[in-house]
Amino acid sequence: MAQPFDYKTVPLDGPLLIDASAGTGKTQAIVNLFRRLILSGLSVERILAVTFTEAAARDLKKRIRDDLKEKIKEDGTGKLKAAFSDFERAAILTIHGFCRRALRECAFESGATFDAEFLTDPTELLTAAAEDFYRLHFYECLPVFAAFALSHKILPHTFRDIITRTLRNPDMEL
């Protein structure tokens, strides 16, 4: 049987994954761990908190900031004040945000271009690729092929949909 999570005693010497159902106190546990890490001597910029959604990241950031502000009133240690002052440097991000930041900060090491754009919705790019494919293969084809494509409603969006399904399921057989 799994041990109940206790933020006061969990080791702080490595990565920590908190995975639990909604309403179980994950966010409060992370808030408490963040404060504990600050009090142990870590600076704000040395702590990474990653969550799934933008809303969750905003909520977590607000709750950690509010917690630091409240604890400064109660305790006022220099570490908490420094953390609150440097809070804008806190890495409280979504998975996409973390990847974007890592690629931006380590563009040279990763081989990525310095002006790389992070794409979260590939629909526009896939549509353009499908339209290019269609123009290349159907605009100057034999009339019988063009007639077949049109009669079977084989249009640019058909290819975009095939590409999308393939990307979602790379083991799919075509």
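In this predicted model, the charged side chains of the protein comprise 24 positive and 25 negative groups. The centres of these two sets lie 8 Å apart.

Turning to the fold, the secondary structure amounts to eight helices and two strands. Read from the N terminus, the elements follow the order α-β-α-α-β-α-α-α-α-α. The protein is more spread out than a compact globule, because its radius of gyration of 25 Å is well over the 16 Å that the globule rule gives for 174 residues. The C-alpha trace spans about 80 × 45 × 25 Å along its principal axes.

Of the 174 residues, 21% count as buried. Among contacts with a separation of 6 or more, 58% are accounted for by residues 24 or more positions apart.

Asp-67 sits in helix α2, which covers residues 54-74. With a relative accessibility of 11%, Asp-67 counts as buried, because the cut-off for burial is under 20%. Once neighbours within four places in sequence are set aside, Asp-67 is in contact with Val-31 and Arg-35.

Conventions:
Residues are numbered from 1 along each chain as its sequence is written. This is a predicted model: local features need pLDDT of at least 70, side-chain atom pairs count only at pLDDT 80 or more; totals for chains, interfaces and linings use all residues. Side-chain values use heavy atoms; hydrogens and water are left out. Helices (H or I, at least four residues) and strands (E, at least two) are DSSP runs, numbered from the N terminus. Buried means under 20% relative accessible area, exposed over 50%, partly exposed in between (1.4 Å probe, protein chains only). Contact means heavy atoms within 4.5 Å. The radius of gyration is taken over C-alpha atoms; the globule rule is 2.2 Å times the number of residues to the power 0.38. Lys and Arg count as positive and Asp and Glu as negative; His and the chain ends are not counted. The place of a charge is taken as NZ of Lys, CZ of Arg, CG of Asp or CD of Glu.
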